[in-house]
Amino acid sequence: MTADSLTISGVRLVTGAGISEQTTTILIRDGRIAGFDKVAEAEAVDRTLVADGCYLSPGFIDLCCNLREPGNGQKGDIFSETRAAAKGGFTTVCSTPDSSPVNDSGAVTHLIRDTAASRSPVHVRPIGAATRGLEGELLSDMVGLSTAGCVAFSNASHVFANARVLRRCMAYAQTFGYTLMLQPTNAALAAGGFAHDGMVTARLGLSGVPEVAETTAVSELLLLAEETGVQLHLSQVSTARAVEMVAEAQHRGVAVSADVAMHQLVFTEQALAGFDSRFHVNPPLRSEADRQGLLAGVRAGVIAAIVSQHQPHDPAAKRAPLGETAAGLSTVESVLSMGLMLVADGELQLTELIRALTTGPSGILQESPAELKVGEPADLCLFDPTLTWLSDGAGIHSTGKHVPLPQQALPGAVRYTFCAGRQAWPLD
Amino acid sequence: MTALLSIGELLDSLESGLRQRLAERGIERPALIGIRTGGVWLAELLRERLELEEACGELDISFYRDDFSRIGLNPRVQPSHLPFETEGRDVVLVDDVIMSGRTIRAAMNEIFDYGRPASILLATLIDLSARELPIQPDVVGQKLALSGHQRVKLKGPEPLRVELIDTRQQA
Amino acid sequence: MIAHGSTSPSLQLTHEGRLKHFLTLDGLDRAMLTAILDTADSFIEVGERTIKKVPLLRGRTVVNLFFESSTRTRSTFELAAKRLSADVLNLDINTSATSKGESLSDTLLNLEAMASDMFVVRHSQSGAPHFIAETVTPGVAIINAGDGRHAHPTQAMLDMLTIRQHKGGFEGLKVAVVGDILHSRVARSQIRALNTLGVAEVRVIAPATLLPRDIESLGCKVEYDMSHGMRDLDVVIMLRLQLERMEGALLPSEREFYRLYGLNQEKLSLAKPDCIVMHPGPINRGVEIESEVADGSQSVILNQVTNGIAVRMAVMSMAMSGQVSERVKARPAEVRT
C-alpha cells in the first residue's frame, strides 16, 4: 500500500481554523504534503483518489488511549488498538502508562515504541508514569523516560499518596519542562463510588462520586501548579465547575490545559439508568448541566482537546453486576461520529471539533501544530460526513466490543487515514 | 340440536333434581359452594329456593387450573370465600356449564384443601357433554349438544339469562 | 442530550404488559401494583385454609439465590414458593467466591441447565438481578429479593398491602419514611410504590448524611426535623439503622440518633391519631423505635409477616405466568438456547 506520490481530489479541507469553500486537490509526496490544486493536478502521481463530498482534515491526535500493551493481550494490544485508532481517523495516539507492567522505566517505553514501529500503522507516543508503579509514592525516572521517548507524564487513574508527593512531582517535572497530565480526583471523596452522585444514583442506589471529588482536586492541582510553575494538563474533566475553575486559572496565567472524553460530551448520568455496564466510566458520566458546561469549555477553547479515553476490555470484564465491572468504554473508532452528531445537533461547530482533535492536542504535546500546509507530514484523515456505518461486531477493530452506540447507523465514516503519507486505514 | 329451555325452566329442573338427590341421600343441611362467577349466582338462587339459612361459599379456582402452562394466571383472581368448615359436610358444588370437567376437578381439589367433606354433589345448569375427565354431574338443568360454532354462556346476575352465541355471526 | 444508554423499560414486562421478572417497581404502573395487591389478597385467604397450598407452580423449580445471607427473607420466599407447590432449592452463595462476574454467570448458567424456572436473587450489588435477567438467563423468571441499595420490591409491596388493609386505599395519605434512606433499598422501593399508588405526600425524615443527593427527584419532601415531619401523618415507616453507620462519620452516636430520629410515643402523638407505625424489621429497640411504640396499638409490625408471604406468592405466580406465556410464544422453537 505504499505509493510515493498520491493526489486526493474533490475534498474540502477542514482544520481547526476553518473549512475551505471550494473543493481541493492535494498532493502527497514522500510522506509530506507537497502541494495543492494546480500544483497537485499538474503532477504525474502513482495513485489518485477521487473523494467527492469528503472532508480532509489533519489526522486526529488522541491524548488518552489505552493500548493494553504490554499486557496479557486479553483486552487488546498495540496491533489491534492502533488499527482501531487508524479506523477512527487518528494518526497519533498517546498510550497511557497503566499497562502491565507499568510504563515507569525506559525499558517499557522502548518496548512500546519498538512494538509500535513494527505493528502500528499510526504514531504511538508513550506517556510515562509520573510515580513508580503508579503507586503515588515515589517519583519515576522522568528524565530517563523522556529520553526513551515519553512525551508527558501521568498517573493514569491512580492517586497520589498525598499533596506533598504531588507537589514534589510537579516541581521535578517543571525542572525539565515536562507536562504532567493528571486526572483530578479526590480519592477520599470518590471512595467506593462509580457513578455520578445525583438523580440516577439516588434512584438506583449506586455508590456515588460527588462533583466535589473532582472540583476539590482541581482546586488543589491548580494551586500547586501555580506555585510550582509546572505545565499542568487536566485529563478528562467531567464537571462544569471544573471548566470554570480552569478558565479562571488560565485567565490568571496559570500554565494549565485540559481535555474531555468525547463520551462526556454525548452522554449523561442517564446512560446508567438501565444498569448498563458499558457506561461505567471513570470519571463518571455526569449531569446534563455538566455536559453543557463541558461543551461550552470546548467551544471556548478552555478545554483544548477531546480525547477518546479508549479503554478496551474483554467481554468478561463488563459482564457482571454494574459495581463489579471494569470502568471504560471502547471509543476510539466512534469519536468522530459522536463529534459529528454534536455538530449535527448544533452543539459544536465542525471546526471546533476538528480543532479539539488536531491542533488542540498537538499544542498540549508542544508539537508543531497539526495543519494542512505544504511541507507538513501527511498525517491525514479523509472522512465522508454523510456516509454512515455500524459499530457492531465485525465493524469494530478494537478487542473491546463495548462500544457506546451499537446497533445504529453512525454518521461520518473515515474513508482513509494516512500516516506520514502511508495508508493507515483501510489495511488489507 | 334441542332447543334451549328458559332460565326459569332450567332453574326449576335443577331445583327439583337437587331436592330429589338430597332426599335420596338424607341430606338436610347441605353446604352450597358456587364456582365463580356463574356458579355463585346459581348457588345463591338454589339457597333461596331450598330455604337454606347458611350463606353460600364462593370458589375462585384460578390457583388450581391445569392450564397455567398455556395461559398463565388469571389476572382478575379473587379470594375464595367459604363461610363454613367443609370438614365432614355434605357439599353441593354448583356451576353454570360443565364441558371438559377440568373446572370441576380443580374445584374439588380446592375444596379438599379446606378440609375433607363427607360428600360432594355436583349440580350444573347445562351439561355440554364434551367430557375429558371421568366427572359427571349429579343434577343437570338441561343437556345440550352444540355444534362447533356455538357457545353457551350464563349472563347475570340481574336478569339471569343463558345466551347461545354463534361464533360465525360474531365474526 | 443526544443519546441514552440502552434502558429497556420492558425488561420485566411481556409484550402484553404482563410481569415476567420482578426487578424493580420503576416502570410498573398503578394498575400493575394494584393487581399485585389484589392477587396477594387472594393468597392471604389461601393462608387461612387447613391446607395452605395451591398447585399453581407444581413441577416448577424455584432457586433461592442468596449472595447475601438473610434467613428471614429467604424463609418467606421459601414458604411462598412451597405454598405454590414449587420445588425449592436454597443456595447461599459466598459472595467472595463469586466476586468475579464470569463465575457468577457460570454459576447461573449451570443452575439454568438444571431446568430452573425462577431465581429469587439477593445480592449486595445494585442491579445484579437486572444483570442476570438481561444478560445471563433471560428465560428464567428473576425475582429481586433485595439488591444493594437499589430495590427491595417485594418488601415495599407487602408494606403497601399493610397500608391498604389499614387505610382502605392510598388517596390522600401522608406517609413518612424515617432513618437511613441513603443505604436503604426498602426506602427507594417504598417511595416509588407510594408515588405510583397515588398518596398525597411522601416525606423522608433523616439527617443529611443519611440522605442521597437529589432524593427529591424520586418524589418526596425532605424533613430534617422529625417533630415537624410527623405532623398530619397517616403512616410512619421506620427504617432499620445498621449499627456500623457510626463508622465513616455518618452519625455521631446511636443515642443522638435515637434522641433526634427515634420514634417514641411523644413524637407519634404529633401524627394523626390513627397513624400506623411500620418497620421492615428486625427492629433495633431503643435505636429507631421505643418498645412501647413498637408493641403499641398503632404498630402493625407483626401483621407485615403474613402479608410478606402473600405478596411473594402473588409476585412469583404472576412472573411465572408471564414467563410461561413468553415460552408458549417461543414454541415450537426450543426456549432455552
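This is a predicted model: local features need pLDDT of at least 70, side-chain atom pairs count only at pLDDT 80 or more; totals for chains, interfaces and linings use all residues.
Started with burial in chain B: 37% of its 171 residues count as buried.

Next I looked at the overall size of chain B. The C-alpha trace spans about 50 × 40 × 30 Å along its principal axes.

Then I went through the secondary structure. How many helices and strands does chain B have? I get five helices and seven strands. Walking along the sequence, I wrote the order down as α-β-α-β-α-β-α-β-β-β-β-α.

I also wanted to know how far apart in sequence the contacting residues of chain B are. I took contacts between residues at least 6 apart, and 66% of these join residues at least 24 apart.

Moved on to the contact between chains A and C. Chain A puts in 35 residues and chain C puts in 32 residues. Which elements of chain A give two or more residues to the side touching chain C? They are α7 (199–204) and α11 (288–300). Of the elements, α7(A) gives the most, with five residues.

Last entry, on the make-up of that side of chain A: I sorted its residues into 18 nonpolar, nine polar and eight charged.

Technical notes. Residues are numbered from 1 along each chain as its sequence is written. Chains are lettered from A and ligands numbered from 1 in the order in which they are written. Helices (H or I, at least four residues) and strands (E, at least two) are DSSP runs, numbered from the N terminus. A residue is buried if 20 or more other C-beta atoms lie within 10 Å of its own, exposed if 12 or fewer, and partly exposed in between; C-beta atoms are placed from the backbone. Two residues are in contact if their C-beta atoms, placed from the backbone, lie within 7 Å. Ala, Val, Leu, Ile, Met, Phe, Trp, Tyr, Cys and Pro count as nonpolar, Asp, Glu, Lys and Arg as charged, and the others, Gly among them, as polar.
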